[in-house]
Amino acid sequence: GAAVPKEQRQGWGQFLKSIATFSGDLSSMTAPSFILSPVSLTEYPSYWCEHPEEFAAIAQGKDQIERMTLVLKWFIGTLKGQYTARNTSMGSEKKPLNPVLGELFLGKWPEKGSRGETTLVSEQVSHHPPVTAYHIENAKAGVSLEGHNAQKTSFSGRTIQVKQVGHAILRVKPQGSSEEELYLLTLPNLLIEGLWYGSPYVELSGSSYIQSSAGLTATVNYAGKGYFSGKAHSFKATIGSGSNALYTIEGEWVGTSKFKGKSPSGKKDEVFWDASTPREELEVQAIDSQGPMESRNIWKHVADGIRSGDYEAASKDKSRIENEQRQKRKDEAAAGTPHQLEYFVHLDDDKEYAELAAHFGGKPANEDGYRRKPRA
Ligand code: CLR
């Protein structure tokens, strides 16, 4: 493999072997240094809003069909960032930092023109297994997203398969209406390929759904090289109500996608989304003004070490953080004061999920969920 540094080939081989025999939580495994990312998983929810205009535009759709089309467009528009950003910025998929319990990632996309400010709150709500909850809101536009994320991984031959556990609920206040509309989003499965070459990348597989409280369903089917379009990172989506398909969209989530057949404008081959649209990173406070639980503050020495190639310093500070965490949990247990979530409440049974998921069937009736705590 060309991408694995010579002195790390043995370590990489061992890492792959240990993945093959390991089941559970990949993020807790020790990996060779060349594959380490200086970014914590608590930052990943920001991928949901790197096109803040598309997010804000949802509430402007004039009817439920137009709004569902805007929701799907925003959703498809997030995929390139979510699943290929590390390849673009660091040359391959990397192993993120494993967040500590209570770790926070806070930021915003500032007000610009008429779009209004969008805020992000992300919190590590569980360490074993790792679960991240998030809330993204553009109050002015009347759009917010709440969700949580965990992963179940398995290894098959040459590919790591990652099943995403969790879901997100998008709340929309359609312009000129007082009634809230809900959209449930389920998440695609991931395949991590390119492992033998030491240059991992994500491919998406299976299907994901967007279900609206108004009764529309968008189904997205994912495929890689050699499947329906022949191209990597492809998808085919339909928007419909029951068995009645209204629109079909096809293309690459890293490139362009188009309406097939019928389109809202009536034009042939109307472009749905162009993934070369620049992504806008959120703004985060400078590290020296961050609180003690904020992600970049917690991990600053580890991240510096990884960035500068001083892996010894990185690993030393990582051990210090992990030991502190173990001590914290012991102290909490001894004092009978378990860790409290800062921004979220946990629901054992997310009723809104169950109600919306019932529309597309085949899903277990209940799943847990997280909601942002009411603010003062
Ligand atoms: C997290 C939630 C985001 C989408 C997303 C993108 C990439 C995923 C990540 C999630 C979870 C962690 C992940 C990562 C790709 C590789 C990484 C599965 C689902 C694992 C832990 C690292 C494996 C180590 C390597 C061999 C690269 O919305």
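I will call a residue buried if its relative accessible area is under 20%, exposed if over 50%, and partly exposed in between, with a 1.4 Å probe and protein chains only. Helices (H or I, at least four residues) and strands (E, at least two) are DSSP runs, numbered from the N terminus. This is a predicted model, so local features need pLDDT of at least 70 and side-chain atom pairs count only at pLDDT 80 or more, while totals for chains, interfaces and linings use all residues. Residues are numbered from 1 along each chain as its sequence is written, and side-chain values use heavy atoms, with hydrogens and water left out.

Helix 6 comes first. In helix 6, the buried residues are Ala 314, Asp 317, Ile 321, Gln 325 and Glu 332. An α-helix has 3.6 residues a turn, so residues three or four places apart point the same way. Helix 4 and helix 5 are among the elements that cover the buried residues of helix 6; contact here means heavy atoms within 4.5 Å.

How far apart are the end C-alpha atoms of helix 6? They are 36 Å apart, which agrees with the 36 Å that its 25 residues should span at 1.5 Å a residue. The expected span is 1.5 Å times one less than the number of residues. Just after helix 6, Gly 336 has a positive phi of about 65°.

Gln 325 lies in helix 6, residues 311-335, and counts as buried because its relative accessible area is 14%. Apart from neighbours within four places in sequence, Gln 325 contacts Val 100 and Leu 101.

Now the pockets. The search uses a 1 Å grid over the protein atoms alone: a cavity is a set of points where a 1.4 Å probe fits but cannot get out, a pocket is an open set with protein on both sides within 12 Å along at least five of seven lines, and lining residues have an atom within 4 Å of a point. Grid points are joined across faces, edges and corners, and a volume is the space filled by probe spheres set on the points.

The largest pocket has a volume of about 820 Å³. Its lining has 40 residues, and those nearest the centre are Leu 41, Pro 96, Gln 151, Val 162 and Leu 190. Which element gives the largest share of that lining? Strand 6 does, with 5 residues. Elements supplying at least two residues each include helix 1 (9-20), strand 2 (95-97) and strand 7 (159-165). By class, the lining of the largest pocket has 25 nonpolar, 9 polar and 6 charged residues. Ala, Val, Leu, Ile, Met, Phe, Trp, Tyr, Cys and Pro count as nonpolar, Asp, Glu, Lys and Arg as charged, and the others, Gly among them, as polar.

The second largest pocket has a volume of about 550 Å³. It is lined by 26 residues, with Val 39, Glu 43, Glu 281, Arg 296 and Arg 307 closest to its centre. Strand 1 (36-40), helix 3, helix 4 (295-298) and helix 5 (300-308) give two or more residues each to this lining, and helix 3 has the largest share, 5 residues. The classes in the lining of the second largest pocket are 11 nonpolar, 6 polar and 9 charged.

Ser 40 is in strand 1 and is buried at 2% relative accessibility. Its side chain makes polar contacts with the side chains of Thr 42, at 3.0 Å, and Glu 103, at 2.6 Å. A polar contact is a pair of N or O atoms within 3.5 Å; within protein, one must be able to donate a hydrogen and the other to accept it, and residues adjacent in sequence count only if both atoms are side-chain atoms.

Leu 195 sits in the loop between strand 10 (189-193) and strand 11 (201-212). Is Leu 195 buried or exposed? At 3% relative accessibility, Leu 195 is buried. Beyond four places in sequence, Leu 195 touches residues including Trp 12, Phe 155 and Pro 200.

Last, the backbone. Most residues other than glycine have a negative phi, and most peptide bonds are trans. His 128 and Pro 129 are joined by a cis peptide bond, with omega about -5°. His 233 has a positive phi, near 55°, and is buried at 14%. Asp 269 also has a positive phi near 55°, but Asp 269 is partly exposed, at 41% relative accessibility.
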